Amino acid sequence: MSIVSDSTLLSSLGKGDSLHQKVLATFPLCDVTEEDLTRNPQMCKLMATLAQHVDKTGLTMFLKSELDKAEQRLQNHRRQWLCSESLYTGLQEMIQDCCVREHHATVPPDQKMFCETVKSCLEVAQCVRQLDLSSTTTEDQSSILGLRSEQVLELMPAEKNVQRIKQSLPNELEKHLKKKCFNLLSYYQPEWENESEGLKNSKLSHLSALLEKEKKRTESLNETSKEKTLLLQRQIQLYTSELTKCVQLLQSLVLDHRLKIQTDLDRKKLEYFEGKCELVLQKIKAEMVDIQLDTYTPEAISAHKKIRENLDSELKACQLEKQSIELKLSSFEILGKDFETLAEEYCRS
């Protein structure tokens, strides 16, 4: 491209910030900023030139045109396939309905003949399609079971029956499809089932729009449900974390309160045992005095034995109290270094 044509192209696109904005808008998928275009004016000119030959996805105009044509052909083939598939499915459903009616009631001869003829035609057409040799198949290659399409076509029903079916098929197919539409309408709105056929036809014409609206509403509700589910999961995690912190704080408060109470309780028990020991000692002293006065008398020996028994019982009681206190202390020692630190603090206080 010549310098004159380049300058004409750039002048048509704009200058400065306007040119940068148009280049960025033409290539939205490129990771390029306006600052990059300012620092590299030659790259900006190149991208502005390319903008006349490619679209926003980077495809050339010719390739884009060919792609659009291919998409159109694909849509046409898909539409034709859907029409054929819908027709084939409808005919299969009509045959199934006829077979079901035969098991529950007597089917008129003309309807029975209609269903049998349609069934035979579908089976023959399906077999012929399977036997149809593609362009990649050599002529020497044998077909399935050595059959040819012409041999299978001989199994077609009588020509007069086929012609009669072709005449009545559109009406029968229309009745079947209308019945399916009415069933769908009744399923969507059960209260419409007993209404007149004209009113059903009127509502049926709006059914596709209603279903599309319902589909969009359902998709919106699903998205909202997903967002609420994620929000709920975050809230549950936050709640669990806060609850764990509260439990830990509560445990520390309970332990702190328990240690303070235990210190006061141990002090009171100590005072109690000191007083109890003093009373026992006073009692022993008094009884020793009595023994010295009544030495070697039977009454003294009996009193001595009684005193010994009392002392033994007191000793066992004290040992049990000691064991109980040691068990409680061992339960506190399980707490480890934290308990030792708190115990030292309470001892200092």
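At what angle do the axes of α6 and α8 cross, and within what distance do they come? The axes come within 10 Å and cross at roughly 105°. Here axes are lines fitted to C-alpha atoms, for helices over the stretch in contact, with angles running from 0 to 180 degrees between N-to-C directions. Helices are DSSP runs (H or I, at least four residues), numbered from the N terminus. This is a predicted model, where local features need pLDDT of at least 70 and side-chain atom pairs count only at pLDDT 80 or more, while totals for chains, interfaces and linings use all residues. Residues are numbered from 1 along each chain as its sequence is written, and side-chain values use heavy atoms, with hydrogens and water left out.

On the α6 side, Met113, Phe114, Thr117, Val118 and Cys121 do the touching, and they meet Asn161, Val162, Arg164, Ile165, Ser168, Leu169 and Glu172 of α8; contact means heavy atoms within 4.5 Å. Sorted by class, that contact has seven nonpolar, three polar and two charged residues. For the classes, Ala, Val, Leu, Ile, Met, Phe, Trp, Tyr, Cys and Pro go down as nonpolar, Asp, Glu, Lys and Arg as charged, and the others, Gly among them, as polar.

Helix α8 also packs on α5, at an angle of about 85° with the axes 10 Å apart, so α5 and α8 are roughly perpendicular to each other as well. Leu87, Gly90, Leu91, Glu93, Met94 and Asp97 of α5 make this contact with Leu169, Glu172, Leu173, His176 and Lys180 of α8. Its make-up is five nonpolar, two polar and four charged residues.

Then there is α9 (residues 197–205), whose axis comes within 11 Å of that of α8 (residues 159–188), crossing at roughly 80°. That makes α8 and α9 roughly perpendicular to each other. Lys178, Cys181, Phe182 and Leu185 of α8 touch Glu197, Lys200, Asn201, Lys203 and Leu204 of α9, giving four nonpolar, one polar and four charged residues.

On to the pockets. A pocket is an open set of points on a 1 Å grid over the protein atoms alone, where a 1.4 Å probe fits, with protein on both sides within 12 Å along at least five of seven lines; lining residues have an atom within 4 Å of a point. At least two lining residues each come from α5 (61–104), α6 (109–131) and α8, and α6 gives the largest share, seven residues. The lining splits into eleven nonpolar, three polar and three charged residues.

The second largest pocket comes in at about 370 Å³. It has 16 lining residues, of which Met94, Arg101, Gln111, Phe114 and Glu172 are closest to the centre. Again α5, α6 and α8 each give two or more residues, but here the largest share, seven residues, belongs to α8. By class, this lining has six nonpolar, three polar and seven charged residues.

Finally, the whole structure contains five salt bridges, each a side-chain nitrogen of Lys or Arg within 4 Å of a carboxyl oxygen of Asp or Glu. One of them joins Arg39 and Asp36 at 2.9 Å, N to O. These two sit about one helical turn apart because they are three residues apart in helix α3 (residues 34–39).

Notes: Parallel < 35°, antiparallel > 145°, perpendicular 65-115°, else oblique. Points joined across faces, edges and corners; volume = space filled by probe spheres on them.
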